[in-house]
Amino acid sequence: MAYSYNRLWKLLIDRKMSRTEMRKQAGISTNILAKMGKDEPVSMDSLAKICIALGCTLDDIVEISADTAAGGKANGKE
């Protein structure tokens, strides 16, 4: 699986909000924010906190796709 939080970063730019402001408002740790900056997976609980703080849905902040470059199949079957 490949994760991308580009939608979240664009949303923050559109709202003129910094990552630190979002982190504090959502109540997530700096470690979670650092993982997201590297497009690493984070817990559903953390994503839910961000969605509640920003008044958005998961679709608005994260994109998940099959990691075909690592040998995975696009349909999820081996």
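Predicted model: local features only at pLDDT ≥ 70, side-chain atom pairs only at ≥ 80, totals over all residues.
Next I looked up which residues of α4 are buried, and found Ser46, Leu47, Ile50, Cys51 and Leu54. Viewed down the axis of α4, these buried residues fall within an arc of 140 degrees, so they line one face of the helix.

What do the buried residues of α4 pack against? I found α1, α2, α3 and α5 (58-61) as their partners.

Then I turned to the largest nonpolar core, which has 19 residues. Leu8, Met22, Met36, Ile50 and Ile61 have the most contacts inside this core. The elements giving it two or more residues are α1 (6-14), α2 (19-26), α3 (30-37) and α4 (44-54).

Setting aside residues up to four places away in sequence, Ile50 touches Leu8, Met22, Ala26, Ile28, Met36 and Ile61.

Just after α4, I noted that Gly55 takes a positive phi of about 65 degrees.

My last stop was Arg23, which lies in helix α2. Arg23 is buried yet has no salt bridge. Which side chain of opposite charge is nearest to Arg23? I found Glu21, 11 Å away. Beyond its neighbours within four places in sequence, Arg23 is in contact with Ile28, Ser29, Thr30 and Leu33. I also noted that Ile28 is on the contact list of Ile50.

Conventions: Residues numbered from 1 in each chain as written. Heavy atoms only, no water. Core = buried A, V, L, I, M, F, W, Y, C linked by side-chain atoms within 4.5 Å. Buried < 20%, exposed > 50% of the residue type's maximum accessible area, 1.4 Å probe, protein only. Helix = DSSP H or I, 4+ residues; strand = E, 2+ residues; numbered from the N terminus. Contact = heavy atoms within 4.5 Å. Arc of directions from axis to C-beta. Lys, Arg positive; Asp, Glu negative; His and termini not counted. Salt bridge = Lys/Arg side-chain N within 4 Å of Asp/Glu carboxyl O.
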